[in-house]
Number of protein chains: 2
Amino acid sequence: MTTDDRTTKARIRDAAIICIAHNSVADTTVRKVASVAEVSPGLVIHHYGSMEGLRDSCDTYIAASIRKQKQETIMSGANFDVMSVIRDSEVGSMGGYLASVLGDDSPAVAKLVDDLVADAEDYMEQGVESGSLVPTDNPRARATVISLWSLGALAMNKHVKRLMGVDLTNLHQNSDAALANYLNSVYEILGNGILTESVADQLRKTVSEAVAENQPDSQTTSSKQEKSSGAGGEGTS
Amino acid sequence: MTTDDRTTKARIRDAAIICIAHNSVADTTVRKVASVAEVSPGLVIHHYGSMEGLRDSCDTYIAASIRKQKQETIMSGANFDVMSVIRDSEVGSMGGYLASVLGDDSPAVAKLVDDLVADAEDYMEQGVESGSLVPTDNPRARATVISLWSLGALAMNKHVKRLMGVDLTNLHQNSDAALANYLNSVYEILGNGILTESVADQLRKTVSEAVAENQPDSQTTSSKQEKSSGAGGEGTS
DNA sequence: TCTCGTATTGAACAGTTGTTTAATAAACTA
DNA sequence: TAGTTTATTAAACAACTGTTCAATACGAGA
């Protein structure tokens with residue numbers, strides 16, 4: 001057993017990250033963290049002031065770890081995906097932590113997600129330039145949707161695991177067959193889409209018309225509380 | 001105000017659903033539910049046995065409500081999406097409830113998700129037959145991935161709202177501009193994909209090779225490799 | 001060596017959790 | 001009508017929560 005050169009304070013934070021990753025934020029208590037870190041509950045508070053302080057430190061540490069990793073690694077245009085961050089992270093429970101934490105809206109997590117999306121937009125722009133990705137009229141919106149789907153799948157990891165046999169928080173130790181099954185579908189969708197051309201055109205036309213209908217003059221952008229006429233209209237009946 | 005003809009027991013369940021949808025599972029306590037339902041904490045337990053029993057009843061009720069809605073509504077092939085269920089639900093906080101609950105893995109929620117995915121596969125098959133969707137070698141996997149992305153976005157609703165100004169739990173009350181911005185990207189991705197053809201082919205080839213590489217001499221398992229020709233592929237497993 | 005600040009602990013505290021109990025009110029049953 | 005469930009409440013309960021406190025051990029600097 002190698003000597004643990006981490007400070008006690010760092011060990012407590014790591015214990016908290018493991019607790020949150022393996023269980024959930026809700027039942028990560030002072031005493032459980034203390035037990036994993038093999039210290040007394042009081043010491044946890046002594047070092048981090050409060051449970052909220054500990055949680056903040058975890059978020060900050062995870063965000064810093066991702067930032068550091070992105071700086072050290074050369075990210076190609078094909079690695080626009082959040083999963084590449086998780087796969088190569090030196091923090092073992094990075095994926096599980098993110099999965100547990102994406103549900104609630106702590107400011108630190110919000111900023112982390114914002115940064116990931118912003119980075120994805122950059123990477124995807126590189127991808128367009130290098131010919132990996134097709135161009136788009138709205139790069140930001142596309143990068144945001146793709147990132148949200150990616151992170152959303154991570155937040156749904158329990159269901160992904162049950163339905164497809166793939167553990168997104170631990171990409172290394174999946175069965176090859178299951179992972180191939182999953183990735184093939186992802187690449188198929190991201191490669192060709194799923195809608196036929198005519199239907200896709202029609203859907204987008206419907207959206208544009210709904211906007212033009214409810215906003216005949218170009219005034220303010222926030223016109224809430226309108227009766228939804230064609231909102232969300234995927235229906236072709 | 002119309003007289004409330006619901007039974008007290010039903011009112012308590014609805015109060016719990018509202019609590020979970022507006023806050024979270026973790027801080028939906030007996031006393032908060034009792035307060036919303038305007039009853040005493042003890043009565044909540046009297047009717048549902050325990051907090052877990054109440055939660056089970058909520059899950060069951062939501063699942064039944066979705067099932068009922070699907071039976072009553074004619075679902076077209078284009079409505080493979082989960083969002084159509086939420087948009088038209090008579091349970092107001094359906095979307096918020098699902099968003100709050102998708103993170104943890106209660107058996108009832110797992111079954112609900114499984115059902116939604118299975119239905120999506122059916123609807124998408126109809127979509128292929130009607131010419132709305134392009135065919136696929138692996139309908140089950142494609143339906144699963146699409147459904148998980150859809151539900152995942154719902155689970156990420158706080159981030160969706162912050163980043164794109166769209167509230168997926170309340171599709172009716174979004175600004176038209178924001179919703180159009182969101183839907184246009186979704187339809188663009190689902191219509192054309194984002195990867196160029198060469199890259200998509202290469203990625204899928206990489207996946208196939210990785211499978212073949214790690215399982216070179218296993219005759220029995222290598223038969224699970226994806227093959228575009230065979231009928232149905234592994235969709236029946 | 002003594003001192004002083006930090007690290008660490010175990011016990012205690014106040015607050016909240018889900019649940020139980022005894023009592024009362026209401027509603028059905030005969 | 002009387003009797004027996006059921007509905008409902010207020011209060012109490014034990015188990016847990018985060019946090020505080022006093023006491024002790026420890027390590028660096030004089």
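A salt bridge is counted when a side-chain nitrogen of Lys or Arg lies within 4 Å of a carboxyl oxygen of Asp or Glu. In this predicted model, K161(B) and D167(B) form such a pair, their closest N and O atoms being 3.9 Å apart. The pair qualifies because 3.9 Å falls within the 4 Å cut-off. K161(B) is partly exposed, at 41% relative accessible area. D167(B) is buried, at 15%. Elsewhere, R6(A), R13(A) and D14(A) are joined into one network by salt bridges that share partners. Over all chains, the structure holds 22 salt bridges.

Two further salt bridges lie within chain B. R87(B) pairs with D88(B), with 3.5 Å between the closest N and O atoms. R87(B) is buried, with a relative accessible area of 15%. D88(B) is partly exposed, at 43%. K111(B) pairs with D115(B) at 2.9 Å between the closest N and O atoms. Both residues belong to helix α7 (residues 107-130) of chain B. They are four residues apart there, so about one helical turn separates them. D115(B) is partly exposed, with 32% relative accessibility.

Helix α1 of chain B covers residues 8-22. At 1.5 Å a residue, its 15 residues should span 21 Å. The end C-alpha atoms are 21 Å apart, in agreement with that value. Buried residues of α1(B) include A10(B), I12(B), R13(B), D14(B) and C19(B). I17(B), I20(B) and A21(B) are also among them. The cover over these buried residues includes α2 (30-37), α3 (41-48), α4 (51-72) and α6 (94-101) of chain B.

Chain B also meets chain A. The contact takes 75 residues from chain B and 73 residues from chain A. About 7200 Å² is buried between the two chains, and carbon and sulfur atoms give 64% of this area. On the chain B side, W149(B), Y187(B) and I194(B) lose the most area to chain A. Together they account for 12% of what that side buries.

The side chains of D114(B) and R162(A) meet in a salt bridge, at 2.9 Å from N to O. On the chain B side, the elements giving two or more residues are α7, α8 (139-155), α9 (157-164), α10 (176-192) and α11 (197-214). The largest share, 15 residues, comes from α10(B). By residue class, this side divides into 41 nonpolar, 21 polar and 13 charged residues.

Technical notes:
Residues numbered from 1 in each chain as written. Chains lettered and ligands numbered in written order. Predicted model: local features only at pLDDT ≥ 70, side-chain atom pairs only at ≥ 80, totals over all residues. Heavy atoms only, no water. Buried < 20%, exposed > 50% of the residue type's maximum accessible area, 1.4 Å probe, protein only. Expected span 1.5 Å × (residues − 1). Contact = heavy atoms within 4.5 Å. Buried area = accessible area lost by both parts, 1.4 Å probe. Nonpolar A, V, L, I, M, F, W, Y, C, P; charged D, E, K, R; others polar.
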